Each structure stands twice: as C-alpha cells, then as structure tokens.
Amino acid sequence: MNLDLSVSGMSCGHCAAAVKTAIAEQDPNARVDVDLASGRVAVRDSQSTPQAIAAAVEAEGYVVKAIENVA
C-alpha cells in the first residue's frame, strides 16, 4: 500500500527521523520519505493499515491531518 500523509508539528531533522523511526517500527519494510517544508510523509510498500501508520506517527506527538491512498 502507498500512502501520503499530511502531518503537522514537524519542524526539523529530528522530527523527520522520529516519524521515520515510528513508521519503521510499525512496518519495517515500508519506505518512508519526509518532506518537512510541505509537511508530507510518503509511505511506500507498506503492509500496515493507514490507521496503524497514523497512530504510530501520532504516538510521537505529531498530528496526522489527512491520509491519501496513492497508486
């Protein structure tokens, strides 16, 4: 599954690393790319549900504002 998440609260490299780590712990095979400027997190080849990915990000203290399934 491929997802794009709109995430607020990320402002630095540490934030990006925390989000990547949280998603990797939820789904070790997912590829994750964080764009701090736009607040977008691209998750590719995920085997987890969108809700599980969002919960992992929110557990780190960030807010998932939207989730979009992409082809």
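Serine 46 touches Met1, Asp27, Ala30 and Ile53, leaving out residues up to four places away in sequence; contact here means heavy atoms within 4.5 Å. The model is predicted, so local features need pLDDT of at least 70 and side-chain atom pairs count only at pLDDT 80 or more, while totals for chains, interfaces and linings use all residues. Residues are numbered from 1 along each chain as its sequence is written, and side-chain values use heavy atoms, with hydrogens and water left out.

- Serine 46 sits in the loop between S3 and H2; helices (H or I, at least four residues) and strands (E, at least two) are DSSP runs, numbered from the N terminus.
- Serine 46 counts as buried because its relative accessibility is 2%; buried means under 20% relative accessible area, exposed over 50%, and partly exposed in between (1.4 Å probe, protein chains only).
- The side chain of serine 46 reaches the backbone nitrogen of serine 48 at 3.1 Å.
- The side chains of serine 46 and aspartate 27 are joined by a polar contact of 2.8 Å. A polar contact is a pair of N or O atoms within 3.5 Å; within protein, one must be able to donate a hydrogen and the other to accept it, and residues adjacent in sequence count only if both atoms are side-chain atoms.
- Aspartate 27 belongs to the loop between H1 and S2 and, at 4% relative accessibility, counts as buried.
- Not counting residues up to four places away in sequence, aspartate 27 touches Asp45, Ser46, Gln47, Ser48 and Ile53.

- Aspartate 45 is in the loop between S3 and H2 and is partly exposed, with a relative accessible area of 40%.
- A polar contact of 2.9 Å links the side chain of aspartate 45 to the side chain of arginine 31.
- Apart from neighbours within four places in sequence, aspartate 45 is in contact with Met1, Asn2, Asp27, Asn29, Ala30 and Arg31.
- Aspartate 45 and methionine 1 are 44 residues apart in sequence, and their C-alpha atoms are 5.2 Å apart in space.
- A polar atom of the asparagine 2 side chain lies 2.9 Å from the backbone nitrogen of aspartate 45.
- Asparagine 2 is located in strand S1 and is buried, with a relative accessible area of 18%.
- With residues up to four places away in sequence left out, asparagine 2 touches Val43, Arg44, Asp45, Glu68, Asn69, Val70 and Ala71.

**Helix H1**

- H1 covers residues 13-26, which is 14 residues, and reaches 20 Å from its first C-alpha to its last, close to the 20 Å expected at 1.5 Å a residue. The expected span is 1.5 Å times one less than the number of residues in the helix.
- The buried residues of H1 are Cys15, Ala16, Ala18, Val19, Ala22 and Ile23.
- Seen down the axis of H1, these buried residues fall within an arc of 160 degrees, so they line one face of the helix; the arc is that of the directions from the helix axis to the C-beta atoms.
- On the face of H1 turned away from its buried side are the exposed residues Gly13, His14 and Glu25.
- Strand S2 (31-35), strand S3 (40-44) and helix H2 (50-59) are what the buried residues of H1 pack against.

**Nonpolar core**

- The largest nonpolar core has 19 residues, of which Leu5, Ile23 and Val41 touch the most other members. Such a core is a set of buried Ala, Val, Leu, Ile, Met, Phe, Trp, Tyr and Cys residues joined through side-chain atoms within 4.5 Å.
- Strand S1 (2-8), H1, S2, S3 and H2 each give two or more residues to this core, and H1 supplies the largest share, 5 residues.
- Isoleucine 23 is in contact with Ala30, Val32, Val41, Val43, Ile53 and Val57, leaving aside its neighbours within four places in sequence.

**Whole chain**

- The protein chain has 2 helices and 4 strands, in the order β-α-β-β-α-β along the sequence.
- Of its 71 residues, 44% count as buried.
- The C-alpha trace spans about 25 × 20 × 15 Å along its principal axes.
- Among contacts with a separation of 6 or more, 65% join residues 24 or more positions apart.
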